[in-house]
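Subject: A structure for you to explore

Hi there,

Here is the structure I promised to send you. Please open it beside this message and look around before reading on.

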Amino acid sequence: MSTWANLGLQDSASPLMEQLIFFHDHALLILVMITVLVGYLMFMLFFNNYVNRFLLHGQLIEMIWTILPAIILLFIALPSLRYIYLLDEINEPSVTLKSIGHQWYWSYEYSDFNNIEFDSYMIPTNELATDGFRLLDVDNRVVLPMNSQIRILVTAADVIHSWTVPALGVKVDGTPGRLNQTNFFINRPGLFYGQCSEICGANHSFMPIVIESVPVNYFIKWISSNNS
Ligand code: CUA
C-alpha cells in the first residue's frame, strides 16, 4: 500500500510487477540521459557567439539526429512489447476469480467453488476501525492463495470500471457486455490495496479493492467455511 511520501511504485507482490518496476527504472534512466543532454545543449546556447552566415544545410548532422533518437526509442519499444505479451500469458491457473464492477462497489464470484459470491463495499469513515485505512478498507475482502497462478475475469454491470491493484501489476477494465481476462501470481502474504481507475461516476473514488493473500491451506479453510 502507498503511504506518505511514497512517490515511486509500491513494492511488488508478483513477478510481473517486479518486471514492470525494472522496465520503469530502465525507461526512466533513458529519459534522464536525454533530459540532461538536451538541457545542457539548450543552456549552452545562451553563451556561445558562433555566427555562420553561410550555413544553409547540414545533411550529415540531420541524418545523425534523426536516426540516433530512433535507435534509442527501440531500446524502450522492444522491452515494452515483450512485457505486453508477457502480461497477457495465461499459465494454467488454479483459481479463477470473477469481479464485477458496479456503481459503486465490486462484487466477486468464485465460480470454481460452489459459486461463492459476495459484494465488497468501502467502509465509510465514520464506521472505520482505529487501525483501518480511510477510503481503502472494505467490508468483505477478496481472499486468494499465495504462490498460485490466479486468473481474474473482470466485467461491469452498469458503466466502465477498472480493477486495479498496483502491487500485483494488475489493471483491467470492467466493461458492460464484455469479459476481460488477466492473471497474476502473488508471491507473499499480506493485504494488497487497489482502487477503481476508470472515471465511473460520483463515487468513483469510493470503490476500493482489498486482496488478502494467504497460504493455500488457509485459503481452502476459508473456502470451506463459506460453503455451508
Ligand atoms: Cu468504478 Cu471508477
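Predicted model: local features only at pLDDT ≥ 70, side-chain atom pairs only at ≥ 80, totals over all residues.

**The start of the chain**

The UniProt record, an unreviewed entry, places the feature "domain: Cytochrome oxidase subunit II transmembrane region profile" at residues 1-91.

Helix H1 covers residues 15-44, 30 residues in all. From its first C-alpha to its last, H1 reaches 44 Å, close to the 44 Å expected at 1.5 Å a residue. Which residues of H1 are buried? They are Leu16, Met17, Ile21, Phe23 and Ile30. The cover over these buried residues includes helix H2 (59-88) and strand S8 (180-185). A handy rule when you look at a helix: an α-helix has 3.6 residues a turn, so residues three or four places apart point the same way.

**The sheet**

Next, find the open sheet of 5 strands, which has mixed pairing and the order S4-S10-S9-S6-S7.

His161 stands opposite Gly174 in S7. Helix H3 (residues 216-225) lies across S4 and strand S10 (209-214), and H3 runs at about 135° to S4.

Start with Thr164, which lies in strand S6 (residues 161-165). Is Thr164 buried or exposed? Its relative accessibility is 11%, so Thr164 counts as buried, the cut-off being under 20%. The side chain of Thr164 makes a polar contact with the side chain of Ser197, at 2.6 Å. Beyond its sequence neighbours up to four places away, Thr164 touches Val170, Lys171, Gly194, Gln195, Ser197 and Ile209.

Then move to Thr155 in strand S5 (residues 149-156). With a relative accessible area of 11%, Thr155 is buried as well. What does the side chain of Thr155 reach at 2.7 Å? It reaches the backbone oxygen of Arg178. Leaving aside neighbours within four places in sequence, the residues in contact with Thr155 include Lys98, Ser99, Trp106, Gly174, Arg178 and Leu179.

Finish with Asp139, in the loop between strand S3 (116-120) and strand S4 (142-145). Asp139 has 44% relative accessibility, so it counts as partly exposed, a class that runs between the 20% and 50% cut-offs. The side chain of Asp139 reaches the backbone nitrogen of Tyr121 at 2.7 Å. Not counting residues up to four places away in sequence, Asp139 touches Asp119, Ser120, Tyr121 and Ile123. Gly8 is 131 residues from Asp139 along the chain, and the C-alpha atoms of the two are separated by 28 Å.

Best wishes

Methods
Residues numbered from 1 in each chain as written. Heavy atoms only, no water. Helix = DSSP H or I, 4+ residues; strand = E, 2+ residues; numbered from the N terminus. Buried < 20%, exposed > 50% of the residue type's maximum accessible area, 1.4 Å probe, protein only. Contact = heavy atoms within 4.5 Å. Polar contact = N/O pair within 3.5 Å; in protein donor to acceptor, adjacent residues only side chain to side chain. UniProt positions renumbered as here; feature names shortened; annotations may be inferred. Expected span 1.5 Å × (residues − 1). Pairing = 2+ DSSP bridges. Axes fitted to C-alpha atoms, helices over the stretch in contact; angles between N-to-C directions.
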